[in-house]
Structures are given as structure tokens and as C-alpha cells.
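Here is my note on this structure. Please read the points with the model open beside you.

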Amino acid sequence: MKTIPTLREKKRYLAFEVMSEKIINRQELVREILNSMISIYGDKGASEINPSLMSFDGKYGILRCEREKRVETRAGMACINNIHGNRVSILVLGISGTIKGATEKFIQQTLVNKPELRKK
Amino acid sequence: MSQFGSKFYDFYTHPDNASLMAEVGKRYGYSGIAVVGHDTNEKTNFPEDFSIYRGVKIQAKPSRIREEIRKYKDSDHILIVEGGEDEINRAAVETEGLDILLHPLEFNNVLAKAASDNSVSIGFNLGLLIWLQGVERVRELKTMRINLKHARKYKLQLILTSAANSIYDMRAPREMVAISSLFGMTEKEAVDAMSAAPLNILRRKSLNFIQEGIEII
């Protein structure tokens with residue numbers, strides 16, 4: 001059944017870029033993001049943030065989180081330093097209210113501005 | 001989020017490859033970094049409008065710290081002491097000319113007063129929060145909370161650094177702000193700690209600066 005608009009969860013989409021030594025896969029990234037959030041905010045805090053990975057192609061990705069928890073999500077993402085033995089750093093490109101907005105405004109924009117990144 | 005229009009600096013990095021670090025730093029939105037323990041005189045190609053400053057990390061016995069600081073005092077290097085036990089912190093903050101006391105343990109009101117008299121900034125090493133986990137991270141967070149409390153009371157300048165060894169340890173300014181919120185720093189304090197405070201240190205290092213309040217224009 002459809003939820004009424006006032007009771008719907010308010011969400012934001014974070015467009016991010018992963019810089020890593022080797023290409024990492026989706027499952028490892030999901031596990032690491034959850035581990036990092038739980039390590040910092042505990043089970044209760046992580047459930048409030050409610051992170052879920054919408055898409056990830058090995059370099060760019062989109063993560064959904066709660067609207068009021070943007071800073072916490074950023075901190076959780078920034079504290080990731082190692083995925084499956086590869087050193088990584090995650091850069092949040094921008095935050096948007098829709099998946100379409102996040103993709104068009106941040107991920108495609110980055111590729112247009114920095115054509116040399118496409119090769120990597 | 002409009003505070004992010006200013007220039008950002010990371011004042012404590014010790015990279016193995018300074019030019020790569022500068023490239024990544026520029027992409028992340030920094031205007032300059034200070035490199036410690038790396039010879040930047042060699043001809044490496046740094047990106048345009050990105051400044052590299054030289055930093056000196058002073059490592060000595062507590063009794064020798066004063067001498068070492070005086071030795072570098074008149075150079076344009078940025079002087080950093082990695083804080084630790086009480087004796088080291090004490091020697092560091094009581095000497096005029098030091099710029100940053102990084103992550104002191106057991107910080108107290110006496111040290112904070114001395115730091116305020118000699119205008120020493122208190123550095124927060126966010127790399128520790130990124131790299132450590134569990135009990136160790138809890139301990140570092142607790143130390144940072146105490147330092148922040150004293151720094152607020154005595155109106156000390158704050159500095160946020162990543163202490164990055166490689167490009168994977170660097171974080172963009174907005175991420176640094178998010179991490180610093182873990183130990184209770186507000187957004188404005190964190191932004192100032194990466195833009196206003198480093199600029200103030202650079203101003204005091206410039207040749208035109210004679211004393212607080214006196215400058216050659």
C-alpha cells in the first residue's frame with residue numbers, strides 16, 4: 001500500500017567517488033560502509049541513518065541516507081580507509097534530493113569537466 | 001554551506017610523493033598544503049595556484065625543545081611539535097615562535113593559558129580518527145574533546161590536519177568538517193580551523209609582520 005506523503009521517510013542521495021588502489025566490488029563496499037557507520041554511531045545510530053547503496057560502478061556511486069543525517073553519513077564514509085586490503089578514500093561529490101539530480105548534477109558533470117578521468 | 005567558499009589549507013602532511021599529493025589536494029578543493037620532512041626544493045611539477053609550504057616537525061627531548069624552536073624561529077618554515085606527555089607540551093607552549101602543538105595529551109588550563117600567551121595553535125590530527133577503530137579511537141576522541149574544551153575557554157586557534165602519508169589518507173574539506181563533528185566541533189569552528197587559522201599563521205610568517213599589531217604596509 002502507498003504511504004501518505006507526510007509519513008514517507010525524507011531521504012537524500014549522496015553522489016560519491018571512490019579512489020582505490022584496485023577496483024573494488026559492490027558487496028565489499030556495502031559491508032564496509034555499514035561496518036564504518038556501526039563502528040562510529042552504534043546499531044541505534046546506524047539504523048537512524050538508514051544507509052543503502054543505490055548503484056555503484058567501481059568508481060562512482062550513489063548512496064541513500066536520511067535527510068537529517070547528511071553530516072553523519074559523510075563522516076561515516078570519510079572514516080573508511082581500507083576495503084579488503086586495498087587503501088581507499090571516498091569523496092562525496094554532492095548531495096541531491098533525487099537520484100536523477102545526483103547523477104546529472106554531480107557524476108556526469110565530473111566526467112564532463114575532467115575528461116582524463118574517464119580513462120582511469 | 002556557503003562557508004565553503006574560502007581557501008583551505010592542510011598544514012601537516014608527510015607524503016612520499018609531494019606532486020601527486022598536491023594534485024589530489026587541488027582536486028579536493030585545497031589551496032595549499034604544508035609538507036613535513038620532504039625536500040620540496042627539487043624540481044617537481046606542482047599544479048598552478050596551489051601553494052606548498054615547508055613544515056618542520058620538532059622531535060627532541062623536553063629539555064631540548066626550546067633550543068630547537070629558537071633555531072627555526074626566524075625561518076619561514078611552519079613549526080610543529082607533536083604533543084605527548086606533560087613535559088613536552090609544557091616546553092612547547094612556553095616557547096615563543098611555535099606555530100602548532102599537535103594533539104597534546106593531558107592538556108590542562110595551565111598549558112592552555114601559556115599557549116594563548118604565546119599564540120600557539122592547537123592541532124587536531126583527524127588521521128587518527130580515520131585510521132583507528134574501537135577502543136583506541138574512543139581514547140583519541142576523548143582527548144580531542146578535552147583539548148577542544150580548553151581551546152574554547154582560552155580562545156586558542158584550532159587547526160585541523162589529516163597527517164596524510166599518501167593520497168588515500170587525504171580527505172576533502174567538507175569531509176574533514178563532518179569528521180570533526182564527531183568530537184563536538186561546530187561547522188564554523190571547523191571551517192575556520194582550515195582557512196582562517198592557517199592564513200593567520202602565514203600572515204605571521206610573512207616578512208612584513210613585526211609583532212602583533214605592527215606590520216609594514
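1. How many bridges join β3(B) to strand β4 of chain B? Four: β3(B) and β4 (residues 78-82) run parallel. Within this pair, Lys57(B) stands opposite Ile80(B) of β4(B). Helices (H or I, at least four residues) and strands (E, at least two) are DSSP runs, numbered from the N terminus.

2. A word on the basis. This is a predicted model, in which local features need pLDDT of at least 70 and side-chain atom pairs count only at pLDDT 80 or more, while totals for chains, interfaces and linings use all residues. Residues are numbered from 1 along each chain as its sequence is written, and chains are lettered from A and ligands numbered from 1 in the order in which they are written.

3. On confidence, chain B has a mean pLDDT (the predictor's confidence in each residue, from 0 to 100) of 86, and 95% of its residues reach 70 or more. For the complex, the predictor gives an ipTM of 0.88 and a pTM of 0.88.

4. Next, the other side of β3(B). Strand β2 (residues 32-36) of chain B pairs with β3 (residues 51-58) of chain B over five bridges, in the parallel sense. Two strands pair if DSSP finds at least two bridges between them. Ala34(B) has Tyr53(B) as its bridge partner. Gly32(B) stands opposite Ser51(B).

5. Now the whole sheet. It is open, with seven strands in the order β1-β2-β3-β4-β5-β6-β7 (chain B) and parallel pairing. β1 (9-13) and β7 (158-161) of chain B are the edge strands, each pairing on one side only. On average, neighbouring strands are turned by 30° against each other, direction ignored.

6. In chain A, look at α1 (residues 26-49) and α2 (residues 70-78). Their axes lie 8 Å apart and the packing angle is about 160°. Axes are lines fitted to C-alpha atoms, for helices over the stretch in contact, and angles run from 0 to 180 degrees between N-to-C directions. The angle makes α1(A) roughly antiparallel to α2(A); roughly antiparallel covers angles over 145 degrees. Contributors to the contact include Ile33(A) and Met37(A) of α1(A) and Ala75(A) and Met77(A) of α2(A).

7. Finally, the two chains. 15 residues of chain B are in contact (C-beta atoms, placed from the backbone, within 7 Å) with 14 residues of chain A. On the chain B side, α5 (127-131) and α7 (173-180) each supply at least two residues. α7(B) gives the most, with four residues.

Terms used:
Angles under 35 degrees count as roughly parallel, over 145 as roughly antiparallel, 65 to 115 as roughly perpendicular and the rest as oblique. Two residues are in contact if their C-beta atoms, placed from the backbone, lie within 7 Å.
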